[in-house]
Amino acid sequence: MQNHRAHPSVTIPQRSRSPVYHPPEVYSPYPFEAGSQSSDSLLSAWDATPTARRPSTTLEVPDRPLSRARSTFSTPTVSHPQPEIHRSASQRLPIHANKHRSSKSETLLNGRSPEDDYVARSYTPATPGPAPSFEISPVNKLTRELSNMTLQSEEGLKRFQKGSLAEKDEAWHSLVPTEAREALGKHEVERQCVLFEIFKSERDYVYDLHVIREVFVEPLKSAVPPIISPGERLQTFLSTVFWNLEQITTHHERLMEDLFARQREQHPLVQSVCDVILESFFQFKLDYESYIEHYPLAEQRHRTELNHNQAYQDFVQRCSRDPRTKKRDLVTFLSRPVTRLPRVNLILEHLQKRTESDHPDAQDLPVVLGVLNDFLKSTQPGIAAAESKVKFWNLCDSLAFNKGEIIELALYNDTRCLVYADTLARRSKSEMDWNPWYDLHVALLDNFLLITKEEKLSGDAIRRLVVSRPIPLAYLRLGSFDDPPENRKERPEDGSFLRVSYRQMYPFTVYHAFEKATRRYTLYASTEAARTKWYEVLVNTKAVEDARREGNRFFVPQVVDDGTFRVPGPRSGRSRKHPSGRVVHAVSFIASGGKRFMAFGCASGIYIGRRGETFRKILSYENAKNIIVLQDFNKVLIHHDGYLLSYSLEVLARVVQYQSPARALDASLETIAGQDGPVICCHAGKVKDRTIVVYAVKAFLHTNVYALEVCRPSDSGIRPPWNLQFPTLSFRPYGEVLFYFYLPQDPYSIMTLTKTIAVAMERGIAIADPQNAGKTVISIIPDFSGAPSNSAMGDLKAHCEASRPLGLVPCDISELMVIYDTMGCYVTKHGRPSRDSSFVRWEIKADSFLHRAPHILLFCSEFIEVRDVQSGRLDQVIEGADIRLLYAPTVRSALPLVAWRGGKDDDDGLSEQIVELIDTAEIKPVTPGSGVVVPPDVWDEWEM
């Protein structure tokens, strides 16, 4: 789109003289802003153009302060961000005369009178050639008169472009003779005024871009001492706040030169600037798009630094006193690129209204406006996302949690966002309050629901106290949203108790899926529409979060069996089959030449079989408390009715396959413990590369814990004297003598560490070395010996004493996590609390756990909670009914087995579904922030 229009000519009578312009004393709006249709008022309005910054093409500082800071084309700040096509300077190329279009002024001059003989202007040259020619004929003399007259305004035009023209003369009328304006007609005069504003606003805009660089950026870089330190932080600040302003400045310097060249070529009657603007737009489109979408983040970073850095606050105040800024702050300057294109769009729209239908711009302007409008619309989603991110960051900065508790919301994850936030009311349950209502700020994130109470701080700062632990959307449930409104009593503003007003509030209920009674919230919206809005955003956000979790599962349940194991149901009395009962334990083992078998401990006995085949009840031990497979030693241990028994895996497999009679199992039976007291719990594992069995026996006033080493009969040698009391060939003392120690409390569970064993009991976790009989109990962890002098440790101690310990797992080289039923805390290698004695609270009350690095899986009857060990972050929630952990393997190659309520309900009863939890990806433990893989023998150095 290039300009092919000839320079027009207008005849001026001999009596013409230079115009004398008297600007109005008070600013008046532009005609298209005020809606005026009067020609006189239009001209005076353009005379009052307020954009009076007078930069030169080199953007020299004006000699005196300017009185106006902004153009009246300013529109409300539009959140908006721009591309590149090379364009040369504008030029006028000749085209054929048969493409000539007459303007309105030509039409009016067709019947000219003797006293007013004006030359009709033409948009096209008469003959093609490198330079335009004109059909002057009898009016050459008058045309030359116009040229002589326009020479008087050339100096004014140069001064305007350099920015040295007086403010009152910075208008098209001041640079054009009065007789010429009268000859052109109303619409053409108005059109030239609009075109002049394009040149003027572009000059002012480039000037402001240079002010940003000279007043703000350069002094900030060169300040001594530095205003923002260290240097890396300063560079991050500059790149975040000023983004790509340098590229935008370069684009507009070029555009300004092209516009000024067009103005010098065609003044006083500029035909069009559409080609210049459109080609420049395609050059800077991508840069503008990037800046506009980033602008909310830039403004937020500036305000954050302003609130937290007194030196930066003083610097900004000094900058605002610089004459070049016209008392405008940095935010105003940063918003200039955001509002620039909407302002250009507004000017072009008005230009279109002032353009005659036969003018070439009547076809060109809709194209330019269409491109600009499409671009501005396309930036709106990016702006909305950036503004939402800013609101989210402001929320994050204002949150205040309870001390000591680690709440990992993953707030600064790139995908995290604020979905919706509003003020809701809640009603106190106390009947003593005169006004039981109070306001809460409720924020819905894409992963959590936050309920906070706002506190006003000094200035405009706000602190939001989290009054209830954030509810993960995986646990959030929606209650009633259609209850009738309730009246809220409100005190008048004057504080009088005599007059009371009431306002209707609309209740709705949300609650936590696990703690349905204790974490149930009835909130009140101010209108029915607000309540409906909350319902819609909660439903939609939960649906999105459910879909995200479904596609990003760390563990996927895979069904092993659904139907073999049954529990009595409402229809089970009609069947002759006896239901197996509830499954409580399961193991997997290999026998009979590499065949894989599975054993399930149920309420009616122990069922064994191969996967995909029929499971048979082989042993009648009802509700066995534990089943342990020692694959390397061909042994299976069964904890039942206070006894710890051992059977041969091979014999068991042959009985399952009908290769041996059931009585053959009796020949392989070994009784390990239970004769001198009931066995409370047991565990098998490796300590110092030796497989041991640890079990606890209940005594009169205490509990004894024993450790035996598993061996093969051929390795036993001469049987030591203690074997007379424990007649078995497969187990021997671990150490020189039979190791045991006593505990004053009953243990909950036992686990083996690299060199020691850990026993979970009410007071904590006892650590013991089974080879050191002289020093049995080494320590109790966590070690709260420093609690009297440390309030945070004292708070952690109180929380731990109110919880039940389940075990501990390694986090990294230097830390462990102690697992309780309701929480977890971190300790050092020496058992002392770390991370300032903080802790992570579970969303459930766990009865068992499983460590699959880098995750822990916490089990309760309704949920499986998957958390990151290092951070405590909630990564996945698996929901079910009557969930049980059946098998917790100690090796990565084996898969955990879980049971929950199945999908069958018939005459045989309700089915028990057995599933494997399959890891969806390879997960390796790493040291914090370094990415170094922890060596497998790192815990060999761990001594307690």
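Helices H9 (274-308) and H10 (residues 310-320), taken as DSSP runs of H or I with at least four residues and numbered, like strands (E, at least two), from the N terminus, are roughly perpendicular to each other, a class that covers 65 to 115 degrees, with under 35 roughly parallel, over 145 roughly antiparallel and the rest oblique. This is a predicted model, in which local features need pLDDT of at least 70 and side-chain atom pairs count only at pLDDT 80 or more, whereas totals for chains, interfaces and linings use all residues. Residues are numbered from 1 along each chain as its sequence is written, and side-chain values use heavy atoms, without hydrogens and water.

H9 and H10 pack at an angle of about 115°, with their axes 5 Å apart; axes are lines fitted to C-alpha atoms over the stretch in contact, and angles run from 0 to 180 degrees between N-to-C directions. The contact (heavy atoms within 4.5 Å) is made by the residues tabulated here.

| Helix | Contact residues |
|---|---|
| H9 | His 302, Glu 305, Leu 306, His 308 |
| H10 | Gln 310, Tyr 312, Gln 313, Val 316 |

H9 also supplies the largest share, 9 residues, of the lining of the second largest pocket. A pocket is an open set of points on a 1 Å grid over the protein atoms alone, where a 1.4 Å probe fits, with protein on both sides within 12 Å along at least five of seven lines, and lining residues have an atom within 4 Å of a point. Of its 28 lining residues, Arg 303, Asn 307, Asn 394, Asp 460 and Ala 461 lie nearest the centre of the second largest pocket.
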